[in-house]
Amino acid sequence: MSRTVQLSSSPLLASPTPVWRSKLIVGLMAGAFLALAGRAVYVQVIGNDFYIRQGEVRFARTLTLPANRGRVLDRNGMLLASSVPAPSLWANPEEIDRDAPRLRQLARLLQMSSAELEQKLQDEDKSFVWLRRQMDESVAREALALGIKGVYSIKEYKRLYPEGEAAAHVVGFTNVEDKGQEGVELVFQKELAGQAGSRRVIKDRLGRVVEAVGETVAPVDGQDIQLSIDSKVQFFAYQKLRAAVQEHKAKAGSVVVLDALSGEVLALANYPSYSPARRVNLTGEQLRNRALTDTFEPGSTMKPFVIGLALEKGLVRPETPIQTAPGRITITGSTISDAHPHGVLSVNEVIQKSSNVGTVKLAMQMEPREMWEFYSQIGFGQKPQIPFPGVVSGRLRPYKTWRPIEQATMSYGYGLSGSLLQVARAYTVFAREGEIVPVSLIKRAEPVQGLRVMSTQNAHAVRHMLQMAAGPGGTAQKAQTVGYSVGGKTGTARKQEGKGYASKKYRGWFVGLAPIEQPRIVVAVMIDEPSAGRYYGGEVAAPVFSETVQQTLRMMGVQPDMAVKPQIVAHTVEESF
């Protein structure tokens with residue numbers, strides 16, 4: 001029997017509902033919908049830009065597309081520095097798979113201990129940590145083949161330096177971020193680096209690229225830089241310099257080779273050096289480009305300039321006799337001496353025998369201003385116009401402050417200073433018929449204009465004197481070269497210590513040119529603190545000059561101009577300093 005329930009039988013259901021309550025409920029529901037609709041309008045229309053930006057901050061990323069760094073080439077197009085792909089491994093510690101056996105294998109491939117790897121991965125609040133930068137591709141493939149979750153690779157580049165330590169001071173190196181730190185890599189950083197590109201992408205919370213958005217800006221690769229350096233000449237000069245420094249147990253050494261016609265630097269080497277690819281525990285001694293940054297008193301290498309100036313002023317001729325007896329001269333109470341008394345010497349022989357007395361007698365016939373102006377014209381006291389970090393100007397005090405004894409000592413290279421590059425450049429005056437040319441580390445496409453500071457006739461005369469100095473009876477017989485005529489001047493000077501000079505520390509150098517009639521190269525060699533018994537420039541530096549000249553001229557295709565062997569006598573002629 002069915003049972004019918006009457007609504008009126010329930011007091012709660014039977015009671016009438018107030019109309020205002022129904023309206024209130026409907027109003028509240030309508031208000032809620034209106035609020036939601038208003039919020040939707042604000043988010044989607046009015047405040048749309050703000051929320052898009054917030055979304056991009058969380059998920060959109062701009063990826064940098066690296067540009068290929070330009071190459072550094074020698075004058076013949078040989079590579080001195082280039083970039084090669086080198087993958088880098090990184091990890092997300094939040095995702096990393098802590099499988100111990102595979103992590104030990106990864107540590108071995110990364111050449112680190114398991115403890116070191118664990119230390120890199122221990123901060124799980126980070127989402128990115130480098131494991132190893134710029135690895136060999138084969139090693140990176142092995143590491144990724146382990147299949148460890150959370151380990152990824154990224155494409156990077158590293159620099160290779162085929163000439164190694166031989167050209168290290170010229171080329172320099174980059175850091176792990178591919179930014180130049182030394183040498184040409186630093187000087188031409190902007191040109192070599194190029195301009196990185198970019199790409200906008202959306203990433204998920206795990207850092208994976210979901211999609212690309214916007215336009216991709218392609219990278220602009222860096223420019224190649226072609227130097228004036230000849231890599232073969234550079235390597236040979238470095239080898240001979242290193243051998244000389246080691247043979248004479250010297251502290252260091254430098255060599256500069258210039259093209260006498262163009263002023264281009266064919267070689268610039270220093271020892272000790274370093275390997276740009278292995279820069280562990282480098283010292284300032286290894287990094288210093290001594291040929292450009294170190295200054296020294298050039299000693300007797302300045303005498304040819306004083307003689308040349310005397311010829312220009314008409315004070316003497318090459319055959320003019322100069323009385324140098326008794327081998328010493330006193331200037332305002334200070335005595336200047338020759339290594340040996342020579343008596344009467346012609347101006348030619350003053351250079352051949354490297355006579356201090358003869359040079360001083362000529363210098364004291366000139367005004368200090370005349371010497372200062374000439375020294376300035378040939379580059380002393382002036383910073384070489386070569387774009388290289390640490391290039392120095394040397395020291396040449398204003399002539400108004402010179403005392404007579406200072407004018408005398410400056411005539412044979414004491415009281416002023418310069419770098420080896422400055423001295424080498426100054427000797428282009430004799431090689432270029434009285435003109436001096438600016439030097440360049442960049443290969444020149446056009447002939448360079450020189451500045452005339454001496455007549456052609458007098459430049460020829462001094463060249464003849466330099467040939468005598470490197471010949472029989474001169475101070476630099478060991479500079480002679482098989483097949484080529486040479487000329488040059490030795491220099492030996494005590495090193496400065498504090499306000500005085502060290503008693504047993506010397507620098508020996510030789511600066512010269514070849515072939516003598518039509519010079520093609522100027523070569524300057526400096527050996528710092530030789531300690532094996534010999535220290536004269538004619539003994540320690542001239543042989544490096546000889547070997548470098550012979551090899552360089554052959555590489556340049558210069559025909560030999562001598563059919564006889566060098567004439568070297570048994571005894572050594574000591575120079576005055």
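Me: Which residue is the bridge partner of Arg494 in β22?
Reply: Tyr506 is the bridge partner of Arg494 there. Keep in mind that this is a predicted model.

Me: Thanks! How many bridges are there between β21 and β22, and in what sense do they pair?
Reply: There are 10 bridges between β21 and β22 (residues 500–514), and the pairing is antiparallel.

Me: And what is the strand order of the open sheet of 5 strands?
Reply: The order reads β14-β13-β23-β22-β21, with antiparallel pairing. At the edges are β14 (265–271) and β21 (487–497), each of which pairs on one side only. From one strand to the next, the twist averages 10 degrees.

Me: Which strands does helix α10 touch?
Reply: Helix α10 (residues 231–247) packs on this sheet and touches β13 (252–259), β14 and β23 (521–528). The direction of α10 makes about 30 degrees with that of β14.

Me: What about α22, which strands does it lie across?
Reply: Helix α22 (residues 542–555) lies across β13, β14, β21, β22 and β23. Relative to β23, α22 runs at about 150 degrees.

Me: New topic: what is the pairing in the open sheet of 4 strands?
Reply: That pairing is mixed, and the strands follow the order β7-β3-β2-β12.

Me: Let's switch to helices. At roughly what angle do the axes of α15 and α17 cross?
Reply: The axes of α15 (residues 356–363) and α17 (residues 404–411) cross at roughly 125 degrees and come within 8 Å. The two helices are therefore oblique to each other, and their crossing is right-handed.

Me: Which residues make the contact?
Reply: From α15 there are Thr359, Val360 and Ala363, while α17 brings Gln407, Ala408 and Ser411. These contact residues divide into 3 nonpolar, 3 polar and no charged.

Me: Last one: is Asn348 buried or exposed?
Reply: Asn348 counts as buried, because its relative accessibility is 11% and the cut-off for buried is under 20%. You'll find Asn348 in helix α14 (residues 347–352).

Me: And what does Asn348 touch?
Reply: Leaving out residues up to four places away in sequence, Asn348 touches Pro318, His464, Met465 and Met468.

Definitions and conventions. Residues are numbered from 1 along each chain as its sequence is written. This is a predicted model: local features need pLDDT of at least 70, side-chain atom pairs count only at pLDDT 80 or more; totals for chains, interfaces and linings use all residues. Side-chain values use heavy atoms; hydrogens and water are left out. Axes are lines fitted to C-alpha atoms, for helices over the stretch in contact, and angles run from 0 to 180 degrees between N-to-C directions. Angles under 35 degrees count as roughly parallel, over 145 as roughly antiparallel, 65 to 115 as roughly perpendicular and the rest as oblique. A crossing is left-handed if the near helix is turned anticlockwise from the far one by less than a right angle, and right-handed if clockwise. Contact means heavy atoms within 4.5 Å. Ala, Val, Leu, Ile, Met, Phe, Trp, Tyr, Cys and Pro count as nonpolar, Asp, Glu, Lys and Arg as charged, and the others, Gly among them, as polar. Buried means under 20% relative accessible area, exposed over 50%, partly exposed in between (1.4 Å probe, protein chains only). Two strands pair if DSSP finds at least two bridges between them.
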